[in-house]
Amino acid sequence: MKNKLYYVLFLLYAAVAVFVLYLNGVFDGGEVNLVNVLINVGFLIIIGILFLISTISFGRLNRCTDELEAMTERLPEEYKAAGGKCVWGNYQDRRDVFADGELNRAFYKYRARMKNYKTKRGYNNTCDIEEYINEDLLDKIGMSYFNSGIAGTMTGLGILGTFLGLAMGLGSFNGDDIYTISDNVGPLLSGMKVAFHTSVYGIFFSIIFNFIYRGIMADAYEKLEEFQNAFRQYAMPTVATEDENSAAMVIYQAGMVNSLKQMVELLKGNSMEQTAGVERIVNQFTEQMTATLGVQFGALGSRLERAASVQETTAEKNRELLAATEALLLANRGLQEACRELLESQAIMNGELNAQKEKLVSTCDEITNDISNQLYAFGQMRNLYEK
């Protein structure tokens, strides 16, 4: 895998270190130029320290991208388990979404911003996860500000070693005739050896590190993009549009009308039952009292009959209330129809606006091309005039 390529650096570093020491005669038992060995060892120690710092940053970047990759694989499973619904509810209150501190802090900032957009009917706005978990965050975790300069540093060390070796060789080269010059050829060649050795492994490490660094960052960016796409598809909360709000209001009004209709039906049924019951009681009571006490209870029966008449009047008013409620229901249905027509008009208007936008973009491109052609022609004319 690309994110493990930096392990190759240690193998190559060990191989180059052994090879350089071998070229300087450390392993063959021959004469060893201590100055040359110390210079090469010093350069290798500096390169090793730079590699160690880079390795630490690559390890942090790997842990981060591994978490993003695991999240990318987990989101579709949670989405499927939720029955094809957005899984934002699983993460909007969690504080341990990521184990990596930088990722978790970035996701916490994203959650805090989304809470500001939340209303009783949903989210009135949203923001992309890319605003918080992006390439800049990976560059910070992977210390790109440091690693991007390593390749140039290696090349610079190689050039520095070249000039240092030449300075050592030329510093020991002092002679005025052919005999003294031949005696100083050895120190000159020894200095040249340092120059060539440092240049070779400096440039070699520069090329290898640049290749590995770019491969690791490309793999990290690819995993980041996959996570962003998966989060947008399965977990990003959606915004409640104006059309959805209007539809919700219409449904709410229709529910209220149906509830009122049921209440009126219930009142109507109760009033009719009460009137019929009172009439039966009045008739039975009047018959019994008339048979027992005579005419005096006839007047009482008349009063009870008037009470029954009042009940009938009440029932009539309830029926009028029912009619008014039905009229309100029809009015609400007309409102629903008007809202539907309004939504259709908005959709048509959006289509026309998109068409005008495309036409405007095309016109701007044509104007830009014309201006570019005119500027080119003007430049050609100016060149002819200057000639």
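These are my notebook entries on a predicted model of a protein.

**Ground rules.** I number residues from 1 along each chain as its sequence is written. In this predicted model, local features need pLDDT of at least 70, side-chain atom pairs count only at pLDDT 80 or more, and totals for chains, interfaces and linings use all residues, while side-chain values use heavy atoms, with hydrogens and water left out.

**Confidence.** I looked up pLDDT (the predictor's confidence in each residue, from 0 to 100) and found a mean of 78 for the protein, with 74% of residues at 70 or more.

**Elements.** I noted 10 helices and 2 strands, which are DSSP runs numbered from the N terminus (helices H or I, at least four residues; strands E, at least two). Their order from the N terminus is α-α-α-β-β-α-α-α-α-α-α-α.

**Helix α1.** I found 17 residues in α1 (residues 7–23), reaching 25 Å from first C-alpha to last, close to the 24 Å expected at 1.5 Å a residue (1.5 Å times one less than the number of residues). Leu 9, Val 16, Ala 17 and Val 20 of α1 are buried (under 20% relative accessible area; exposed is over 50%, partly exposed in between; 1.4 Å probe, protein chains only). Seen down the axis of α1, the buried residues fall within an arc of 105 degrees, so they line one face of the helix; the arc is that of the directions from the helix axis to the C-beta atoms. Exposed Leu 11 and Phe 19 sit on the face turned away from that buried side.
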